[in-house]
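Let's take a walk through a protein chain together. Have a look at the sequence and the 3D view below, then read on.

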Amino acid sequence: KDPYDVMLRVFAELVLEAGLMSYRDFDFTDENWEARRIGGTNPGTLVFAEKTGWVRWLREVHERFSVTTLALGGAPSALTSEYTLWALREQAGLDPTRHSLRLIGLVDYDPSGWIIARSFQGQLAKLGWPQSTLETLIDPADYSPEELEMFAFELPKRQQTKTARWLEKTGGIGGKPMGLEAESQTYDRLLEELEARLSTPPRGEGDGG
């Protein structure tokens, strides 16, 4: 086996599963540090994107709404998650024993996006922030029938177990195993949807509570 992959897996077990150490103990560099911005007036709301291609949108979100933003760059990194929580404690003064995080994810509406968002929430809980809510921005209800016909795609037939579980949780699109890419929604409409969400209490799934 690749020794580097083994090392990464062992670190994840020691940090996430056993809680015996932290990545900061070794002063590792978080390669995603430039893709993270800590909010000023509303740091406990964390808007994250699955893809780094949304970093410019996230920067505008941070500046307009003063929330915390983060581009994951794919599957969530435990190292990035740990450094993000450290920044929320040290820079924003949040306390995981008193403050719940509101997570708002810009991920594809498909099984992979669903797993990525919930894996990120789970990592934060394992790293010492047990209270959070999770909601995602891409929702078929926000599309017209014409838009759904244009943008919806059929999910691949492999990994049927994962697709069936996602379909049970979300309903797919009209009960069918079809998804939507985040890029199918426009930049401005996503800003409007986010602004509407921020004006209301969290409506997503809770964790740890």
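## The whole chain

How many helices and strands does the secondary structure of the chain come to? The count is 7 helices and 8 strands. Here helices are DSSP runs of H or I with at least four residues, strands are runs of E with at least two, and both are numbered from the N terminus. The radius of gyration, taken over C-alpha atoms, is 17 Å for this chain, close to the 17 Å that the globule rule gives for 209 residues, so the chain is as compact as a globular protein of that length. (The globule rule is 2.2 Å times the number of residues to the power 0.38.) Along its principal axes, the C-alpha trace spans about 50 × 45 × 30 Å.

Before going further, keep in mind that this is a predicted model: local features need pLDDT of at least 70, side-chain atom pairs count only at pLDDT 80 or more, and totals for chains, interfaces and linings use all residues. Residues are numbered from 1 along each chain as its sequence is written, and side-chain values use heavy atoms, with hydrogens and water left out.

Of the 209 residues, 44% count as buried. Buried means under 20% relative accessible area, exposed means over 50%, and partly exposed is in between (1.4 Å probe, protein chains only). Now for contacts, meaning heavy atoms within 4.5 Å. Among the contacts with a separation of 6 or more, 76% come from residues 24 or more positions apart.

## How helices pack

Two packed helices are described by the angle between their axes and the distance between the axes. The axes are lines fitted to C-alpha atoms, for helices over the stretch in contact, and angles run from 0 to 180 degrees between N-to-C directions.

Start with helix α3 (residues 78–90) and helix α4 (residues 111–126), which pack at an angle of about 60° with their axes 10 Å apart. That makes α3 oblique to α4. (Angles under 35 degrees count as roughly parallel, over 145 as roughly antiparallel, 65 to 115 as roughly perpendicular and the rest as oblique.) The crossing of α3 and α4 is right-handed; that's the name when the near helix is turned clockwise from the far one by less than a right angle, and anticlockwise is left-handed. On the α3 side you'll find Ala 78, Ser 81 and Leu 85, and they meet Phe 120, Gln 123 and Leu 124 in α4. By class, this contact has 4 nonpolar, 2 polar and no charged residues. (Ala, Val, Leu, Ile, Met, Phe, Trp, Tyr, Cys and Pro count as nonpolar, Asp, Glu, Lys and Arg as charged, and the others, Gly among them, as polar.)

What about α2 and helix α7 (residues 187–198)? Their axes come within 11 Å and cross at roughly 40°, and the crossing is right-handed. Residues of α2, among them Trp 57, Val 61 and Phe 65, meet residues of α7, including Tyr 187, Leu 191 and Glu 195. By class, the contact of α2 with α7 has 8 nonpolar, no polar and 4 charged residues.

## Residues worth a click

Which residues does Thr 69 touch, not counting residues up to four places away in sequence? They are Ala 35, Arg 36, Arg 37, Val 47, Leu 58, Val 61 and His 62. Thr 69 is in strand β3 and counts as buried, at 1% relative accessibility.

Ser 66 is in the loop between α2 (55–65) and β3 (67–71), and it is buried, with a relative accessible area of 19%. Its phi is near 55°, a positive value in a residue other than glycine. Gln 159, in the loop between β6 (153–154) and α6 (160–170), has a phi near 55° too.

Now try the loop between α3 and β4 (101–106), where Ala 92 is found. Ala 92 is partly exposed at 26% relative accessibility, and it lies 9.0 Å from Thr 41, C-alpha to C-alpha, though they are 51 residues apart in sequence. Arg 98 has its place in the loop between α3 and β4 and is exposed, with a relative accessible area of 59%.
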